[in-house]
Amino acid sequence: MPAASAAALKEETLWRGTPSAKILFGQILMIVVVLIVIPLVTHFIAANISDLEMGARAVRMGWWITAIIVLVQLGWLFVALARLRSTHYTITNQRVMIERGIVTKSVGEIDLRYIDDTQFFQSLVARLLGIGNVTLVSSDKTTPVFVLEGVSDPRTVRELIRSQAYQVSQRQIFTRPT
């Protein structure tokens, strides 16, 4: 086998990453809003109650409600962070892989030869944070759509996948039935 062919068959990692923790910005913002809004509302309600003891109870109730909501939101935040940290994306010169799982692991992959289209999407907030989703549309029967969520610099990641998929498809030998 010629050296050039052997080098073309060797799998090399081109990019490795995880979803950015910036994707949790909305959840963190919601915790801050709850910490501000509920106490303000309960203090406003308490200020309009003529009975001082009832007003004090309303304020205490507001702080309890705030604490419970924030604790639940923090629980969700830590679970989401654990999921992000246990998700790994790998792009090689032959395939794209997504490894997921906190307790159990699963690996999904798509061969670059089967990728038909690549797209990326950024919301306004995601653009400001420099993250986005890269979607791979393929002719793979088991995984026709593959999404790399919350990656940093999604345009560059998309372009890397697109150019590698094109390069792999150019190396492919196509034959026609006779």
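**Exercise 1.** In this predicted model, state which residues of helix 2 are buried and what covers them.

*Solution.* Step 1: take buried as under 20% relative accessible area. Ile31, Val34, Ile38, Pro39, Thr42 and Ala46 of helix 2 are then buried. Step 2: look for the cover over these residues, which includes helix 3 (52-85).

**Exercise 2.** Compare the span of helix 2 with the expected one.

*Solution.* Step 1: helix 2 covers residues 25-47, 23 residues. Step 2: from its first C-alpha to its last, helix 2 reaches 33 Å, close to the 33 Å expected at 1.5 Å a residue.

**Exercise 3.** Describe how helix 2 and helix 3 pack, and give the classes of the residues in their contact.

*Solution.* Step 1: the two helices pack at an angle of about 175 degrees, and their axes are 8 Å apart. Step 2: angles over 145 degrees count as roughly antiparallel, so helix 2 is roughly antiparallel to helix 3. Step 3: the contact of helix 2 with helix 3 has 18 nonpolar and 7 polar residues, and no charged ones.

**Exercise 4.** Work out the strand order of the sheet, which strands stand at its edges and why one side of each is left without a neighbour.

*Solution.* Step 1: the sheet is open, with 4 strands in the order 1-2-3-4 and antiparallel pairing. Step 2: strand 1 (13-17) and strand 4 (106-111) each have a single partner strand, so one side of each has no neighbour in the sheet. Step 3: neighbouring strands are turned by 15 degrees against each other on average, direction ignored.

**Exercise 5.** Give the number of bridges between strand 3 and strand 4, and the residue opposite Arg95.

*Solution.* Step 1: strand 3 (residues 95-100) is joined to strand 4 by 6 bridges, and the two run antiparallel. Step 2: opposite Arg95 stands Asp111 in strand 4.

Conventions:
Residues numbered from 1 in each chain as written. Predicted model: local features only at pLDDT ≥ 70, side-chain atom pairs only at ≥ 80, totals over all residues. Heavy atoms only, no water. Expected span 1.5 Å × (residues − 1). Buried < 20%, exposed > 50% of the residue type's maximum accessible area, 1.4 Å probe, protein only. Contact = heavy atoms within 4.5 Å. Pairing = 2+ DSSP bridges. Axes fitted to C-alpha atoms, helices over the stretch in contact; angles between N-to-C directions. Parallel < 35°, antiparallel > 145°, perpendicular 65-115°, else oblique. Nonpolar A, V, L, I, M, F, W, Y, C, P; charged D, E, K, R; others polar.
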